[in-house]
Amino acid sequence: MIEARHLRVLRAVATTGSFSGAARELGCTQPAVSQQMKALEAASGTPLLVRSGREMRLTEAGEALVRHATGILAGLAAAEEEVAALAGLRAGRVRLVSFPSGSSTLVPTAVAAMRADHPGTRVSLVEAEPPRSVDMLRAGDCEIALAFRYEAAPEWDDLVARPLLTDRLVGLVPEGHPFADADEVDIGTLAEEPWIAGCPRCRRHLVQVCEAAGFTPRIDFATDDYPAVVGLVGAGLGVAVLPELAVESVRPKGTRPVRLGPEVRREVVALTLPDLAQVPAVSAMLDRLAAAAHR
């Protein structure tokens, strides 16, 4: 196998015309240069140098190898510099996928901190709800997926899950509703209300919570858009259950958030692949997301 160090020695010998000159240029001993050249000729399977008096001249094979060595060593130097830049966070990219309320609350603070600390690292964002966001991570379409779960998710066992926060679900009722000023509302008392439901995963969880309280919710409207949920509730068309992050991300005009009993929470996490977790830019971005979640 031809090694880069052998090519550097060959190029130095070709440039200086001798083993001693190559040793001075490389900062090593003449015997070391001789040993490297023997190893390179053995790997090449043909003589590369011919001794002519006190100087060395290249064989045709040696000349060909020197021509290629210039490009190979230049490419290797460029690769080493690029890797060093990535490792030192002077370059690189992190592609984020996040659910909407995470995009508007956690991501801006985290990305701003990342840009301030490591301006050479590019961060991009697209929105998707789990499980779509998790599928994108596994498909290589992003490095980090912000996701949430209401209970343990064994389908994430192959991923690195960085816990960010526990997000409490709150009820959302119209202003003027009988429970608008209540300290806490038992979800069972809302059994006869029309409901506005969110994303499919949230919708399924809403049904489960309501059924556990002894009723099946009458869902009149379903939308993934949190401002639309707030607008529908504010217009008096029903009640909803939203995560606190979602309420924080929109202006709940015409509505009142109320604490629900029994308390329901979801876990918000940042997911990545085990190998990606070791990449400096990804690790730094995970740290910024965790810091943003605890502000």
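I began with Arg265, which forms a salt bridge with Glu263, their closest N and O atoms being 2.7 Å apart. I kept in mind that this is a predicted model. Arg265 counts as partly exposed at 39% relative accessibility, and Glu263 is partly exposed too, with a relative accessible area of 43%.

Next I asked which residues are linked with this pair in a network of salt bridges. I found Arg168, Glu244, Glu263 and Arg265 linked in it. Arg168 and Glu244 meet through their side chains at 2.8 Å, N to O. Their pair links distant parts of the chain, with Arg168 in strand S6 and Glu244 in helix H9, 76 residues apart.

I then looked up another of the 13 salt bridges in the structure: the side chains of Arg266 and Asp167 meet at 3.1 Å, N to O. Arg266 lies in strand S12 and Asp167 in strand S6, so the pair ties together parts that are 99 residues apart in sequence. I checked accessibility here as well: Arg266 is buried, at 1%, and Asp167 is buried, at 3%.

Last, I turned to helix H3. Which residues of H3 are buried? They are Val33, Met37 and Leu40. Seen down the axis of H3, they fall within an arc of 60 degrees, so they line one face of the helix. I noted that an α-helix has 3.6 residues a turn, so residues three or four places apart point the same way. The buried residues of H3 pack against helices H1, H2 and H4 and strand S1. On the other side of H3, Pro31, Gln35, Lys38 and Ala42 are exposed.

Conventions: Residues are numbered from 1 along each chain as its sequence is written. This is a predicted model: local features need pLDDT of at least 70, side-chain atom pairs count only at pLDDT 80 or more; totals for chains, interfaces and linings use all residues. Side-chain values use heavy atoms; hydrogens and water are left out. Buried means under 20% relative accessible area, exposed over 50%, partly exposed in between (1.4 Å probe, protein chains only). Helices (H or I, at least four residues) and strands (E, at least two) are DSSP runs, numbered from the N terminus. The arc is that of the directions from the helix axis to the C-beta atoms. Contact means heavy atoms within 4.5 Å. A salt bridge is a side-chain nitrogen of Lys or Arg within 4 Å of a carboxyl oxygen of Asp or Glu.
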